[in-house]
Amino acid sequence: MSTSSGVWVAAILTIFAYTYLYKDNPFFKFAEHLFVGIGAAQAIVMGYQNIVEQAWRPLVTKGSWWMIIPLALGLLLYGRFTKSRSAALLSRLPIAFLVGLAAALSIRGALDASLVRQVVATMTPMKTITDWIFMLAVVTTISYFFFTAFGRVGILKNTAEVGRWVMMVAFGAAFGNTVMARMSLVIGRLQFLFGKWILIMK
Amino acid sequence: MNWNSLQKIDIRVWYVLLVLSLFIPLLKPLGLPLSISKDVKTVYDTIEALKPGSYVIVSPSYSPGTDAEMWPQHAAIVEHLMRKKAKIIQVSLDLSSVMYAERAWKTYGPKFDQKYGEDHIIMPYKAGLDVVIAAMGRDLKALYAEDYYGTSTKNIPLMQGISGIKDVALVIDFMPGNTLVDYLRQIESVYHIPVTGGVTGVCIPTMMPYVQSGQCRGLLGGMRGGAEYELLINSPGAAIGGMDAQSLSHVLVIVAIALGNIGYLASRQKGGGGK
């Protein structure tokens, strides 16, 4: 058995968490509440450190007066928690700033990376059977998303049905990957319990 | 036979079977063969093509919740980069990921006689995800004025040899979220710096369009991706150790799905109205 107190704490909490598989119980609740509490505490500490290191310290030690702007915008965010309607309205300023900034930043690279080059990559020469299947899947899936009356009659009705099946295959593959991911997490915990705590595994 | 009973097996029976299917191969590996996928080989070849002294940004963007999948990938790639004598700049986009950057440095730095500050540097966590990535592209040195330990990067030799993102030969991100896509949008697309990485199994479908279009230079997917990479660099670790367990647990899931459906179809044929 491990002699590290940290390993013991982690191992016991892991077992507490897994007891939920039998049924809900106080041990699970304890682990759950501890996790939420520690997570919230860590987020608060890191948030505080971010403000101090990235804005407050440059403001007071380096004379970076423009740091007043992000600090003031940050404070305005809390306006929505007051009873004053005007203060609540002011909280919209930093939110508008954040939304505008995020949109501008995303559009810059997203248009090229997630649209133009994806469309270019879709227009491949039809050389192999895989290319044909790929083209068929793209066209039929797009046809599924014709939502007007025109899109639900004639041949488009049939291609939309094929598109629906193509999407279901994709969702199945995505779910398979999710199962694989969840199994990996359990394996990680078992490797910890038997490899670092009980020490019966290399 | 009461086919309906196949649909009513106590869930706890499946949990016990699942734990056994995972535990037994971990204790006594079955030695099932493991093939190398094209996407993992592409990542390996991309790193193999790096010249000694190339600057590489390694970005562990994960937290303990996905440790089992991400750490083996991260560890194997850092080991490979150190063998190639690359100069590694580790940056963190998640609250908890700095500890993984430090763990990678402490695990492999001494093994390959690496000097902190000359061959390797760890940058502090910066909040903002794609905003931080965009800032990396604009001015890497201004973004990271100090390293994780509080030393001014002006006094760190590794950072004196680099003027900005254009001197970086490769960016490698390990993501359980969306950061790899952000790197493609903000770095690969704008500055044409090659980007690759590793993701959790859940994120593989998100990334495949970018891999197939060639924007992302290969991909390590989940624990399996880590295991393949460990095999490629001939350094067996936790991921290879978990592969037999993963395969056996998948067989159990398939059996459960098959039994449930057999029970459903048979009870419906008998007019039992299976649910």
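Of the 275 residues in chain B, 45% are buried. This figure, like every other given here, is computed from a predicted model. The secondary structure of chain B consists of eleven helices and six strands. Along the principal axes, the C-alpha atoms of the chain occupy a box of roughly 75 × 35 × 30 Å. Among contacts in chain B with a separation of 6 or more, 74% are between residues 24 or more positions apart.

Chain B is assigned two domains: domain 1 covers 3–30 + 244–269, and domain 2 covers 38–236. Taken over C-alpha atoms, the centres of domain 1 and domain 2 of chain B are separated by 38 Å.

The description now turns to the strands. In chain B, six strands form an open sheet with parallel pairing, and their order is E3-E2-E1-E4-E5-E6. At the edges of this sheet are strand E3 (120–125) and strand E6 (220–221) of chain B, each of which pairs on one side only. Helix H4 of chain B, residues 97–108, packs on the sheet and touches strands E1 (55–60), E2 and E3 of that chain. The direction of H4(B) makes about 165° with that of E3(B). Within the sheet, strand E2 of chain B (residues 87–92) runs parallel to E3(B), and four bridges join the two. B:Ser92 stands opposite B:Tyr125, a residue of E3(B).

Most residues other than glycine have a negative phi. B:Lys85, however, has a positive phi, near 55°, and is not a glycine. This lysine is found in the loop between H3 and E2 of chain B. B:Lys85 is classed as partly exposed because 14 other C-beta atoms lie within 10 Å, a count between the limits of 12 or fewer for exposed and 20 or more for buried. The second case is B:Asp113, whose phi is positive at about 50° although the residue is not a glycine. B:Asp113 has its place in the loop between H4 and E3 of chain B. B:Asp113 has 8 C-beta neighbours inside 10 Å and therefore counts as exposed.

The remaining topic is the interface between the chains. Here 34 residues of chain A are in contact with 39 residues of chain B. On the side of chain A that touches chain B, the elements giving two or more residues are helix H2 (26–61), helix H5 (92–122) and helix H7 (155–197) of chain A. H7(A) provides the largest share of that side, 16 residues. By residue class, the side of chain A that touches chain B divides into 20 nonpolar, eleven polar and three charged residues.

One helix pair shows how the two chains meet. Two packed helices are described by the angle between their axes and the distance between the axes. The axis of H7(A) comes within 8 Å of the axis of helix H3 of chain B (residues 67–83), and the two cross at roughly 85°. H7(A) is therefore roughly perpendicular to H3(B), since angles of 65 to 115 degrees are classed in this way. From H7(A), the contact is made by A:Ala181, A:Ser184, A:Leu185, A:Ile187 and A:Gly188. H3(B) contributes B:Asp67, B:Ala68 and B:Glu69. The residues of this contact of H7(A) with H3(B) comprise four nonpolar, two polar and two charged.

Key:
Residues are numbered from 1 along each chain as its sequence is written. Chains are lettered from A and ligands numbered from 1 in the order in which they are written. This is a predicted model: local features need pLDDT of at least 70, side-chain atom pairs count only at pLDDT 80 or more; totals for chains, interfaces and linings use all residues. Two strands pair if DSSP finds at least two bridges between them. Two residues are in contact if their C-beta atoms, placed from the backbone, lie within 7 Å. Axes are lines fitted to C-alpha atoms, for helices over the stretch in contact, and angles run from 0 to 180 degrees between N-to-C directions. Ala, Val, Leu, Ile, Met, Phe, Trp, Tyr, Cys and Pro count as nonpolar, Asp, Glu, Lys and Arg as charged, and the others, Gly among them, as polar. Domain bounds come from an automatic or database domain assignment. Angles under 35 degrees count as roughly parallel, over 145 as roughly antiparallel, 65 to 115 as roughly perpendicular and the rest as oblique.
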